[in-house]
Structure formats: C-alpha cells, structure tokens
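Let's take a walk through this model together. Keep the sequence and the 3D view open as you read.

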Amino acid sequence: MIRSRSRYFVNQYQQFSGTLSNVEYLRDLVKRVLQLIEEKSPPQRASRDGGLYVGAGGIGYAFFSVAECTEFLNIREQCLGKALEYMKVSLEEVSTTSPYDDGIGASFLLGHAGIYAASALVFNALGCQQETEQCIQNYLEMAKICQPLNFFRPGSDELFVGRAGYLCGSLLLNKKLGRTVVPPEVTRPLFDAIIESGRQYSQSHQSQSPLMYSYYRTEYLGAGHGLSSILQMLLSFPEHFSKRKDVESLIHQAVDYVLTCECSNGNYPPVPREVRHQEAELVHWCHGAPGIVYLLAKAYLTWKDDKYLQAMRRCADLTWQKGLLRKGPGICHGVAGSGYVFLLLYRLTKEDQYLYRAQKFSEFMQTEEFQKGARTPDSPFSLYEGLAGTVCFYANLLNPSEAVFPFFEVF
C-alpha cells in the first residue's frame, strides 16, 4: 500500500527481459492529446503569460515539435498552423511590455527571448522568412540586456531567466535553422560573463566549486535554476573554451564538484550538502538526478570519461525506482520528465533496456492508477508542467533515436 504522502507511485514493472513494447498506440494518443490541449487551453489572451515554461508559447512549441516529427508528416501543416496561433498570442504579449522593465526580458524560458526564438522556428517552418528574420533580430537584441555581470540581482546566470538560458536559445536557433543565427561574437561575451560571475561568487563565498552561482540567495544544484544546467550550457560552446585550458579546467573542476554531491542512491540534492529525509527527496528534472543527467551526458561526450556514464546509469536506475511521480505527467516535475532520462540513455548507449523503461513510463500514464492518483498541475496543459510537454515525450518515443528533452539537446 502506498502512503499518501509519497512523492511517487511504486514501480511494479519487471526489469527488461529482452522484449520491447508496441508503441503504435502513441500515434492516435498524440493526436488526441493535442486536440485536448487545443480545447482546454486555446490560443487566447488568458493563456499568453508564462513564456515557454507555462504559457501559450510553450504550447506552440509542442505543436511545432510534433510537426517536426517524421512520424506525423500527415498532420504537419495542421500542427504548424496551430503552433503559429499560439506563438502569435505570445508575440502579442511580449510586444506590449519592454524587455528592460523587470530585468528578465532576455529570459529564455520566462521572457521575451524564448518567445522570439521559438517563433522564429515556427515562422521558418512555414516559409515566412521576413517574420523569421525579424524574430531573430529581436532575439539578438536581447543579448545586450544580459551582458552586464549582475543585470538581474536575484541571479544573472541560471537557465530560466539568466545568461545560461540565452545560450540555450542560441543553441536551439543555430541547430534547428542549420546555420549560425547567433554568432560567436554574441555568445562569447555571455559565456565569459558566466565564467567571471561564477568565479567571483565562488571566491567570495568560499565555495568548494571554482564556479558557483545563486538564485534568490540559494545555491541550487539542479537543472531548474542551478549549477548543473549552467555548466551544461557552457560545455555546449566548446569554441569558447577548447583553446583556453584555464577556462576548461574551471568548468571541468565544477562538473566534478557536482559529482561529489551525489547521494548514496544516485540522486542529487536541490542544494549542495543539503540532507533530506529519504522520502522527501526530489527526483525531478528541475531538482535532482533527472535534470543533472544531462550535464553528465554533456561531460561524457566532451571528455569521454567513463565516470560520467556510470553516474548517468545511477541516475537512470534511481529514476526507474522513484520517477513515477505523483505531481503529474509533465516534464519539469512529472512522469514524462522522468521518461526522458531513459530516452537520453538510449541515445547514448543504444541499450534497449532504457527504451523499455521509457515505454513503461509512457504506459503508466495511461493506467487508472495514475489517472486517479496523480495531482493536477497548476498549468495542466503547459509545456513544462502539463500535457504539452507530455505530448513531446510521446512523439519522441515513436522515433527514440532522435528524442530530445525540449531545449536540452546534448548531442
């Protein structure tokens, strides 16, 4: 019997025995979920706030992601049209506010920059080159905001509102558009600012890591607001450190510091050196192993050290045990976010056991136990908390060799 206060459902699935599941049901499920999202959270004024994280822009990105999936070519134009409707709602929102008003206009997940980046992708897919270039230009303008070392006093470097987020959006644009949209002369000053900011903070706070950051005076470790996603974004720009051994050494030491924070069960605490009761620990993308695994993957691909791969496997094992989260189906702190851990390991190792685990997490979300026992997120149809992110996971399961957690490509 599961105690009601537990953060997760007990995983009663058997370990992989050599047989993968049939996931053909996902073709119809993706279409049904998209229809439900459109019905319950249509592209209108009420849903335009919240950026890519919980706003209309994130839902638009989900429709775009399905349109880009080769398994759904028959509904590509329909999905792109719907993506455009959602992005226009968000573009209207950012057009009414100045990105300089609150200090987070350059934010990728919560502010203007992310909306411009995602809109550029949608416009480009629809062949609207003038609109694409305008969004790109607007995105490039945002870089000026986050160049000052402390442009946002609560935290200028993390993923949601800081420089790491801007670098994340730059990677997205360059990869998806297949050209250098955000050039090195734009990303290099931000990269260097992250390094200098982290070095100064570490020295002034006598941190054990040579690079450390805080967000609202808290030294988070996880992907949501913490050190791991900042380091992941730094590692995603080898052109800025591969010929600067002192800088690479700082990053390398900081990554290895993250490794020292690993708990005995393979998890990572929200804050370094913070000890929590075992049942209260967070096994989420935002705080915990399911988010830090992406940094480990990037470190493994960068330095080819097996210790990172072994740490990833421990993250995956823990997620298999405790990743059927009661918080809902989302990717930030839900079952789909846990499932993406296995898709990452599958892409990296080509081992079917990880694909099997992802399939089982998808199946679990269709069970009565989950439907009745999971909580309803605050934003139940959004990209990070709700079904928009879940539908990305479902679509990725149909083509797992190209699966990507939204905006977290490491390959």
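Is His333 buried or exposed? His333 is buried, with a relative accessible area of 16%; buried here means under 20% relative accessible area, exposed means over 50%, and partly exposed is in between, using a 1.4 Å probe and protein chains only. Before going further, a word on ground rules: this is a predicted model, in which local features need pLDDT of at least 70 and side-chain atom pairs count only at pLDDT 80 or more, while totals for chains, interfaces and linings use all residues. Residues are numbered from 1 along each chain as its sequence is written, and side-chain values use heavy atoms, with hydrogens and water left out.

Back to His333, which sits in the loop between helix 12 and helix 13. Helices are DSSP runs of H or I with at least four residues, numbered from the N terminus. Setting aside residues up to four places away in sequence, His333 touches Tyr53, His284, Cys286, Leu325, Lys327 and Glu385, where contact means heavy atoms within 4.5 Å. Cys332 is in the loop between helix 12 (306-322) and helix 13 too. At 1% relative accessibility, Cys332 counts as buried. Leaving out neighbours within four places in sequence, Cys332 is in contact with Tyr53, His284, Trp285, Cys286 and Tyr384.

Helix 7 is mostly covered, with 11 of its 15 residues buried. Among them are Tyr166, Leu167, Cys168, Leu172, Leu173 and Leu177. What do the buried residues of helix 7 pack against? Their partners are helix 3 (56-68), helix 5 (112-125), helix 6 (129-142), helix 8 (184-204) and helix 9 (227-235). Just past the end of helix 7, Gly178 takes a positive phi of about 65°.

Helix 7 also turns up in the largest pocket, giving 6 residues, the largest share of its lining. A pocket is found on a 1 Å grid over the protein atoms alone, as an open set of points with protein on both sides within 12 Å along at least five of seven lines; a cavity is a set of points where a 1.4 Å probe fits but cannot get out, and lining residues have an atom within 4 Å of a point. The largest pocket holds about 840 Å³ of space, a volume being the space filled by probe spheres set on the points, with grid points joined across faces, edges and corners. Its lining counts 38 residues, of which Tyr61, Lys175, Lys176, Val404 and Glu409 lie nearest its centre. The elements giving two or more residues to this lining are helix 3, helix 7, helix 8, helix 9, helix 13 and helix 16 (387-397). By class, the lining has 21 nonpolar, 9 polar and 8 charged residues. Here Ala, Val, Leu, Ile, Met, Phe, Trp, Tyr, Cys and Pro count as nonpolar, Asp, Glu, Lys and Arg as charged, and the others, Gly among them, as polar.

About 70 Å³ lies in the largest cavity, whose lining includes Tyr340, Leu343, Ala403, Val404 and Glu409. Helix 13 (residues 335-349) gives the most to that lining, with 4 residues, and the lining divides into 10 nonpolar, no polar and 2 charged residues. Asn396, in helix 16, touches Tyr340, Leu343, Ala403 and Val404, not counting residues up to four places away in sequence.

The second largest cavity has about 40 Å³ of space. Its lining includes Arg7, Tyr8, His284 and Leu325.

One last stop is Lys350, in the loop between helix 13 and helix 14 (352-364). Its phi is near 60°, a positive value in a residue other than glycine, and Lys350 is exposed, with a relative accessible area of 57%.
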